[in-house]
Amino acid sequence: MEQFLMNILFEFLAAGEKARDKAELAGAVERVTCHLGMNHFAMAFLPLAHERLDSYFVWERWPRGWFERYLALNYIHADPVAHYVRQTGQPALWSKALDNRVLSSKARKIMSEAGEFGLVDGLTIPLYSRVGVNGLFSVAGTREPMEPLEVQLLSIVASTAHARLLGWTAPSHRILPEIFITKRESEFLSLCAAGKTDREIGEFTGRSQRTVQAHIRNLQKKLSAVNRAQLIAEAFRQGWQR
């Protein structure tokens, strides 16, 4: 990961660790989005199909008129980006994820109205609990589409913030199981945090992509992570990566 983005990440991790409540954690997230030139962000847990979104927001920095409209018209259940992320379980750059997809008239209306409020393009990231995707984190603005390393940075930030929020609501007496990470796994973990792909890690370590993927899966299992972004976030949070 480029040094500029690494500096942003380290600043966030330090601020997130010191955060005493949701407002302070939101401030740490907002500083990241401002560094990246994205003026708006939001995080929410997912309502059931028959529920409204209103009570599920963790925080939001959307344009006021858009936030009120989104809630009033209960757009969450027709939002094409939210549907895409829930379906794929992957982060979605709005412009790329929806490119060439057939959208309903309501879905097109939602994206058009978002643009009118300055949300021209954005990124939505799935948030995972033990039972699967249970929330979404989105950033949006008017800048050019994000680069892959910026997507990875925001995925780590979102996963870290989500874990922090869940940690505040978890039983305080919970004891984490003892984890042992090998020297080779530690090396792979550092290369993951640096934004390297499986192929690049394989070339650097002299291992096949299949071997690299096996080690990454094993690390995810050890750190109870469901994807690479959460793996890196947990590695920083638990002190396996600095």
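Residues were classed as buried at under 20% relative accessible area, exposed at over 50% and partly exposed in between (1.4 Å probe, protein chains only). The model is predicted, so local features need pLDDT of at least 70 and side-chain atom pairs pLDDT 80 or more, while totals for chains, interfaces and linings use all residues. Residues are numbered from 1 along each chain as its sequence is written, and side-chain values use heavy atoms, without hydrogens and water.

Helices (H or I, at least four residues) and strands (E, at least two) are DSSP runs, numbered from the N terminus. Asn227 caps the N-terminal end of H11. A side-chain oxygen of Asn227 lies 3.4 Å from the backbone nitrogen of Ala229.

An open sheet is formed by 5 strands in the order S2-S1-S5-S4-S3, with antiparallel pairing. Two strands pair if DSSP finds at least two bridges between them. S2 and S3 (92-93) are the edge strands, each pairing on one side only.

Strand S1 (residues 40-45) is largely enclosed by the rest of the structure, because 5 of its 6 residues are buried. S1 is joined to S5 (residues 132-141) by 6 bridges and to S2 (residues 57-60) by 3 bridges. Met43 has Phe137 as its bridge partner in S5 and stands opposite Trp59 in S2. Ala42 is partnered by Glu60 in S2.

Conventions:
Polar contact = N/O pair within 3.5 Å; in protein donor to acceptor, adjacent residues only side chain to side chain.
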